[in-house]
Amino acid sequence: MASSTFFLLLMTILAFLSLQAIASDPSPLQDFCVADKDSNVRVNGFVCKDPKYVKADDFFLAANLDKPRDTSISKVGSNVTLINVMQIPGLNTLGISLARIDYAQLGENPPHTHPRATEILTVLEGTLYVGFVTSNPNNTLFTKMLNKGDVFVFPEGLIHFQFNPSPNKPAVAIAALSSQNPGAITIANAVFGSKAPISEDVLAKAFQVEKKTVDWLQAQFWADNHN
């Protein structure tokens, strides 16, 4: 009897720990927890503002997401406008954020990951070629051509991309992400534009290229298309 009770308790603890391990953002334990960005207390997310001082503007942003963004300033021909907890304090603990992505003709949102979020993307205008790659060892590529009104999901943490194949028309998409602060790691920027630079010996070995190729890549200006 004692051994059965111990086994049940152990299974319960392991189940609880596994749920904690797969959770992206902490679940809210009250109606809301508006971020107090002025607090010096460091927690996973932000400390809650005293509810007495919460106002409607804590849940609002005049984001002008109906207005086109400038894609000419980006070398990759895209402009990502992210709306997360840094812009709307009321998103704290709610596990969601939003982004508008504008694509120039033949522009792309280059291969990147969101370490803390799954993304669901809806095409508002134009056409997009999108895809993601699974983890090792298979590294399977899943791709789809999306048209206006189509929806596609990018699983959390996996490398993914969007490309506008049209040489004549721009494209626009809206993406929802399952974190108040999803993060973004653009692969080329992280590998070749890190500060300080990754050793050329490491990169030459990893990519099976000559060191001069690595030197050339590291010398490029790796601009961020997130605003």
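The secondary structure of the protein chain consists of four helices and ten strands, taken as DSSP runs (helices H or I of at least four residues, strands E of at least two) numbered from the N terminus. Along the sequence the elements follow the pattern α-β-β-β-β-β-β-β-β-β-β-α-α-α. The model is predicted, with pLDDT of at least 70 needed for local features and 80 or more for side-chain atom pairs, while totals for chains, interfaces and linings use all residues. Residues are numbered from 1 along each chain as its sequence is written, and side-chain values use heavy atoms, without hydrogens and water.

Of the 227 residues, 32% are buried (under 20% relative accessible area; exposed is over 50%, partly exposed in between; 1.4 Å probe, protein chains only). Residues 24 or more positions apart make up 70% of the contacts with a separation of 6 or more, a contact being heavy atoms within 4.5 Å.

Six aromatic pairs were found in the whole structure (Phe, Tyr or Trp rings, the six-membered ring for Trp, with centres within 6.5 Å; planes under 30 degrees apart are stacked, over 60 edge-to-face, the rest tilted). Among them, F32 and F59 are edge-to-face, at 5.5 Å centre to centre and 75° between the planes. Both residues lie in the loop between α1 (2-22) and β1 (78-83), so the pair ties together parts 27 residues apart in sequence. F32 is partly exposed at 32% relative accessibility, as is F59 at 39%. The pair F192 and F207 is tilted, because the ring centres are 5.4 Å apart and the planes at 35°. F192 belongs to helix α2 (residues 187-192) and F207 to helix α3 (residues 200-207), so this pair links parts 15 residues apart in sequence. F192 is buried at 12% relative accessibility, whereas F207 is partly exposed at 42%. One aromatic cluster is formed by F132, F142, F152 and F154.
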